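Please read them with the coordinates open.

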Amino acid sequence: MKIFGKTLGKDIPIIAEIGVNHEGDIDAAVKLIRLAKEAGADAAKLQTYTPERYASASDRARLERVTQFALDEAAHLRLAEIGKEIGLPVFSTPLSEDVVPFLDSIFPVFKIASGDISFQPAIAAAARTGKPVILSTGLASTEDIDRAVGWVRDEVGAENLQERLVLLQCVSAYPTPMNEANIASIPFLKERYGLHVGYSNHVIGPEACYAAVACGACLI
């Protein structure tokens with residue numbers, strides 16, 4: 001399976017998480033993408049959503065914040081072009097399923113956030129595009145992962161699953177203490193699902209990433 005021009009199992013792509021750290025400032029997003037390239041990352045990831053579909057109107061402060069942090073389609077197009085110019089693939093996490101068709105038109109890969117592992121509309125929509133899906137598993141039970149993998153399998157077929165889905169072992173704590181990183185979940189997930197498994201790092205410092213690679217992580 002190839003992602004970002006790298007062969008999983010042979011190469012270990014490194015993804016720089018930008019998310020919404022640009023806080024809605026396109027110039028800040030451009031700077032972060034350029035810094036990711038300078039740091040040696042193989043790809044940079046954003047988050048994309050329609051604010052009204054992502055945050056409830058009953059929580060006015062949160063809705064205002066996510067609206068402020070959201071990038072519009074023009075901004076995404078500019079960032080995709082910047083990525084092409086500097087040779088750094090850019091992609092995104094659809095936090096609301098309605099943005100999947102637009103992301104499909106400009107980005108090569110989809111990432112599903114840990115918090116959306118039970119959100120069938122986004123998972124199924126991403127799988128239907130025919131592009132690779134990276135699924136993060138923070139806070140998920142094996143039953144949650146079984147169900148999400150099943151949703152992807154339903155869309156792509158069992159025979160295509162290994163070429164279309166990557167799991168990420170993840171601990172959803174910010175930051176994660178080193179003694180709670182649970183790196184041993186990587187070989188567990190590989191054996192249970194027969195898929196490539198990467199590692200989503202929330203531990204400060206590189207040591208957890210080194211351990212993840214030693215345990216067979218295919219991307220970081």
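**Notes on the predicted model**

1. Arg128 is exposed, because its relative accessibility is 54%. This is a predicted model, and the points below should be read as such. Arg128 forms a salt bridge with Glu155, with N and O 3.2 Å apart. Which helices does this pair connect? Glu155 is in helix H7, and Arg128 is in helix H6 (residues 120–128). The two residues are 27 apart, so the bridge links distant parts of the chain. Glu155 itself counts as partly exposed, because its relative accessible area is 33%.

2. Asp146 and Arg192 meet through their side chains in a salt bridge, at 2.9 Å from N to O.

3. Asp27 and Arg78 form a salt bridge, and their closest N and O atoms are 3.6 Å apart. Asp27 sits in helix H1 (residues 26–38) and Arg78 in helix H4 (residues 73–86). They are 51 residues apart, and the pair joins distant parts of the chain. Arg78 is partly exposed, at 38% relative accessibility.

4. How many salt bridges does a search of the whole structure find? The search finds nine. There is also a network of salt bridges, which links Arg53, Glu97 and Asp98. As background, side chains of opposite charge can pair when their charged atoms come close.

5. Helix H9 deserves a look from the end. Its buried residues are Ser185, Ile186, Leu189 and Tyr193. After H9 comes Gly194, with a positive phi near 65 degrees.

6. Turn to strand S7. Are its faces covered or open? Both are covered. Val133 and Leu135 are buried on one side, and Ile134 and Ser136 are buried on the other.

7. Strand S6 (residues 110–112) pairs with S7 in the parallel sense over three bridges. Leu135 in S7 is the bridge partner of Ile112. Going from S6 to S7, the chain passes through H6, and this β-α-β crossover is right-handed. S7 and S8 also pair in the parallel sense, over four bridges. Here Val133 stands opposite Leu165 in S8.

8. Check the backbone at two residues. Most residues other than glycine have a negative phi, and most peptide bonds are trans. Phe4 is not a glycine, yet its phi is positive, at about 55 degrees. Phe4 lies in the loop between strand S1 (2–3) and strand S2 (6–7). Leu139 is likewise not a glycine, and its phi is positive, near 70 degrees. Leu139 is in the loop between strand S7 (133–136) and helix H7 (142–156).

9. Are these two residues buried or exposed? Phe4 counts as buried, because its relative accessibility is 15%, under the 20% cut-off. Leu139 counts as exposed, because its relative accessibility is 78%, over the 50% cut-off.

10. Tyr174 and Pro175 are joined by a cis peptide bond, with omega about -5 degrees. Where is Pro175? Pro175 is in the loop between strand S8 (165–170) and helix H9 (185–193).

11. Last, Leu32 in helix H1. Leu32 is partly exposed, because its relative accessible area is 28%. Leaving aside residues up to four places away in sequence, Leu32 touches Ile18, Asn21 and His22. The C-alpha atoms of Leu32 and Cys170 are separated by 23 Å, and these residues are 138 apart along the chain.

Conventions: Residues numbered from 1 in each chain as written. Predicted model: local features only at pLDDT ≥ 70, side-chain atom pairs only at ≥ 80, totals over all residues. Heavy atoms only, no water. Buried < 20%, exposed > 50% of the residue type's maximum accessible area, 1.4 Å probe, protein only. Salt bridge = Lys/Arg side-chain N within 4 Å of Asp/Glu carboxyl O. Pairing = 2+ DSSP bridges. Right-handed = clockwise from strand over helix to strand, strands pointing away. Contact = heavy atoms within 4.5 Å.
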